[in-house]
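Welcome, and thanks for taking a look at this one. Here is a short briefing to read alongside the sequence and the coordinates.

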Amino acid sequence: MDKIRKHIRVQGFVQGVGFRYRARQAADYVGVTGWVRNDADGAVTMEAQGTEEQIDTMLLMIQKGAFVNIEQLEAKSIPLVEEEYGFEIRESMGDYFGFWNRK
């Protein structure tokens, strides 16, 4: 099966609930590489690389986690990153605790 890479932006109740750690755990479990980070506006952005099935399975595993409520998910295909190993949690963008003040 061919590898693909997706840029994924997730909105909803996705910060302060262990989303990034769940994403890394799911990615490691299914063999997806990439990264995840919190955005200042309360969303989460990630890039995931693997087969379509691996990425779909990772997203389902994240969504089934306690307290996570994905209201909107946008994904687009982007070029592969060669020689990428593992899935990392990147530093949050902007105010780390900005999710408490969202509307």
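Pro79 counts as exposed because its relative accessibility is 67%, where exposed means over 50% relative accessible area, buried under 20% and partly exposed in between, with a 1.4 Å probe and protein chains only. Please keep in mind that this is a predicted model, in which local features need pLDDT of at least 70, side-chain atom pairs count only at pLDDT 80 or more, and totals for chains, interfaces and linings use all residues. Residues are numbered from 1 along each chain as its sequence is written, and side-chain values use heavy atoms, with hydrogens and water left out.

**Confidence**

- The protein has a mean pLDDT of 90, and 90% of its residues reach 70 or more; pLDDT is the predictor's confidence in each residue, from 0 to 100.
- Over residues 99-103, pLDDT stays under 50, and the model has 7 contacts beyond four places in sequence for them, a contact being heavy atoms within 4.5 Å.
- Where pLDDT is low, the predicted coordinates should not be read in detail.

**The sheet**

- Five strands form an open sheet with mixed pairing, in the order β4-β1-β3-β2-β5. Strands (E, at least two residues) and helices (H or I, at least four) are DSSP runs, numbered from the N terminus, and two strands pair if DSSP finds at least two bridges between them.
- At the edges are β4 (69-78) and β5 (87-89), each of which pairs on one side only.
- From one strand to the next, the twist averages 15°.
- β1 and β3 run antiparallel and are joined by 7 bridges, with Lys6 opposite Ala48 in β3.
- β2 also pairs with β3 in the antiparallel sense, over 6 bridges, and here Val36 stands opposite Met46.
- β2 and β5, in turn, run parallel and share 3 bridges; Gly34 is opposite Phe87 in β5.

**The enclosed strand**

- β2 is largely enclosed by the rest of the structure, because 6 of its 6 residues are buried.
- In a regular strand the side chains alternate between the two faces of the sheet.
- In β2, Thr33, Trp35 and Arg37 point one way, while Gly34, Val36 and Asn38 point the other, and all are buried.
- The hairpin of β2 and β3 has 5 residues between the strands, and Gly42 in this hairpin takes a positive phi near 100°.

**Helices on the sheet**

- α1 lies across β1, β2 (33-38), β3, β4 and β5, and runs at about 170° to β5. Axes here are lines fitted to C-alpha atoms, for helices over the stretch in contact, and angles run from 0 to 180 degrees between N-to-C directions.
- α2 lies across β1, β3, β4 and β5, at about 145° to β3.
- The two helices, α1 and α2, pack at about 140° with their axes 9 Å apart.
- Where they meet, Phe19, Arg22, Ala23, Ala26, Ala27, Tyr29 and Val30 come from α1, and Gln54, Thr57, Met58, Met61 and Ile62 from α2.

**The nonpolar core**

- Which residues touch the most other members of the largest nonpolar core? Among its 21 residues they are Phe19, Val32, Met46, Met58, Ile62 and Phe87. Such a core is a set of buried Ala, Val, Leu, Ile, Met, Phe, Trp, Tyr and Cys residues joined through side-chain atoms within 4.5 Å.
- β1 (4-13), α1 (19-30), β3 (44-50) and α2 (52-63) each supply at least two residues of this core, and α1 gives the largest share, 5 residues.
- Leaving aside neighbours within four places in sequence, Met58 is in contact with Ala23, Ala26, Ala27, Val30, Val32, Met46, Ala48 and Phe87.

**Loop residues worth a look**

- Pro79 belongs to the loop between β4 and β5.
- Glu83 is in the loop between β4 and β5. Its phi is near 55°, a positive value in a residue other than glycine, and at 67% relative accessibility Glu83 counts as exposed.
- Phe67, in the loop between α2 and β4, has a positive phi of about 75° although it is not a glycine. Phe67 counts as exposed, with 68% relative accessibility.
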